[in-house]
Amino acid sequence: MKLKNKLAVGMLLAGMFLTACSNNGGNEGKKADEGSKKEASETLKLGNSSPLTGQVSVYGITTNNGIKLAIDEVNANGGILGKQIEWSEYDDKGEITDAVTNYNNLMQDEVEAIFGGVPSKPSLAIAESAAKDEVVFITPTGTQANITEGKKNAFRTCFTDPFQGEVLANFSKNKLEAKKVAILRNQSSDFSMGVADVFSKKAGELGMEVVADESYGDSDTDFKAQLTKVRKEEPDVLFIPDYYEKVALIVPQVREAGIDATLVGADGWDTVLSVMDQSNFKAIEGSYFANQFTLEDPSEKVQNFIKAYEEKYGEKPSTFAAEGYDTVYLYKQAAEEAGTTEWDKVIEALKNIKFDGITGSFTYDENHNPIKTAKMIKIVNGEYKFDSDLGVESNK
């Protein structure tokens, strides 16, 4: 081969080698370039997918209201690391398929962190997608245990379903002095099933007898058959772990069936009074549910939040609003402690954070679940009244 040809071939091979290196230089090189561009941006993009329409829209709307209130405050005070927050929100109607589509939209928006979903099923779907990209993911309200398990980039602001189940069983035994408990669960809901399973197991460990464990489907509206079985067992406590709209249907039928047990529920009960006719308030009087926030908290921080929320939205904030609000400040603290919005560094800061928010103070356990207390709420005269703070060593 002539020297000229040899040189040409050599140059061609060198060019191919350099092209291959630049293409493979791994995703790390690509991520570094993207990170540099984002660091140079004057704004900080955050977003979520949540139910803004549909059956559980009250959860998504109030969560996002809390988020946007916090963003307004943060932006008015200089933003995060000197950058103004730019917010994107997408409606998933509480559906998994829509949530995944929205996740892809958020990644196209080049967000630095995702604060969602809201109910547990879409939250899990988004968390699984986010784990592949390693973007910072914090669900304000998704309580299902496996949302964060095994995912180094996934965190939550709320406590978990297993934690609730254990706390509520302890409350039934120690505060309500129950000897016999019954369970009415939604077999179509991972949330309901998860809390009920832990409650049932813990109740047995505490020496309470689970005298009935009845279930229903998501589309059911008549619970007479299940409640007839429950009434025969004369339980001291009837545990109903479901979301507010289903609870509003069940509770009047409980009393119509002649059951006088104390009703106990999980945090899905929050806002239940808003969808009940006042003529049915007597049926739910004296009931208890676990929650993560109370309007009666006297701290200046909480009362300032309540006042600001009422001024902006013309109503009192729900727990979901408080959790959304906390999530913004949780991310802000982590980014500022990391000194950057780079995903891996913010994730590391979150793992070691000590956060004091509207819904309580916490650190994270190994599964990125906050170690915090539950607030037991009692329904009295059509109002939510704080009863007590309850917790266990950890939310595992």
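The legends below describe close-up views of a predicted model.

In this model, local features need pLDDT of at least 70 and side-chain atom pairs count only at pLDDT 80 or more, while totals for chains, interfaces and linings use all residues. Residues are numbered from 1 along each chain as its sequence is written, and side-chain values use heavy atoms, with hydrogens and water left out.

**View 1. The protein chain as a whole, with its helices and strands.** The protein chain holds 13 helices and 14 strands, where helices (H or I, at least four residues) and strands (E, at least two) are DSSP runs numbered from the N terminus. Of its 396 residues, 51% count as buried, a term that means under 20% relative accessible area, with exposed meaning over 50% and partly exposed lying in between (1.4 Å probe, protein chains only). Contact means heavy atoms within 4.5 Å; among contacts between residues at least 6 apart in sequence, 69% join residues at least 24 apart. The accessible surface comes to about 17600 Å², of which 48% belongs to carbon and sulfur atoms; accessible areas come from the Shrake-Rupley method with a 1.4 Å probe, and for residues only the protein chains shown count as cover.

View 2. Five strands form an open sheet in the order E2-E1-E3-E4-E5, with parallel pairing; two strands pair if DSSP finds at least two bridges between them. Strand E2 (84-91) and strand E5 (154-156) are the edge strands, each pairing on one side only. Helix H3 packs on the sheet, where it touches E1 and E2, and its direction makes about 170° with that of E2; axes are lines fitted to C-alpha atoms, for helices over the stretch in contact, and angles run from 0 to 180 degrees between N-to-C directions. Strand E1 (residues 43-50) pairs with strand E3 (residues 113-114) in the parallel sense over two bridges, and glycine 47 stands opposite isoleucine 114 in E3. E3 also pairs with E4 in the parallel sense over two bridges, with valine 136 in E4 as the bridge partner of alanine 113.

View 3. The 14 residues of helix H11 (residues 300-313) should span 20 Å at 1.5 Å a residue, and the end C-alpha atoms of H11 are 20 Å apart, which agrees; the expected span of a helix is 1.5 Å times one less than its number of residues. The buried residues of H11 are Val302, Phe305, Ile306, Ala308 and Tyr309, and they pack against helix H3 (57-76) and helix H12 (319-338). Just after H11, glycine 314 takes a positive phi of about 70°. H12 is mostly covered, with 15 of its 20 residues buried, and its end C-alpha atoms are 28 Å apart, in agreement with the 28 Å that 20 residues should span at 1.5 Å a residue. At the start of H12, a side-chain oxygen of serine 318 reaches to within 3.2 Å of the backbone nitrogen of phenylalanine 320, and H12 is followed by glycine 339, whose phi is positive, near 75°.

View 4. Strand E10 (residues 288-291) is joined to E13 by four bridges, the two running antiparallel, and asparagine 291 stands opposite lysine 375 in E13. E13 also pairs with strand E14 (residues 383-390) in the antiparallel sense over seven bridges, where the bridge partner of lysine 375 is aspartate 389. E13 and E14 form a hairpin with two residues between them, and asparagine 381 in the turn has a positive phi of about 50°.

**View 5. Asparagine 369 in its loop.** Asparagine 369 lies in the loop between strand E12 (360-362) and strand E13 (374-380), and is buried, with a relative accessible area of 3%. Its side chain makes a polar contact with the side chain of threonine 148 (3.1 Å); a polar contact is a pair of N or O atoms within 3.5 Å, and within protein one must be able to donate a hydrogen and the other to accept it, while residues adjacent in sequence count only if both atoms are side-chain atoms.
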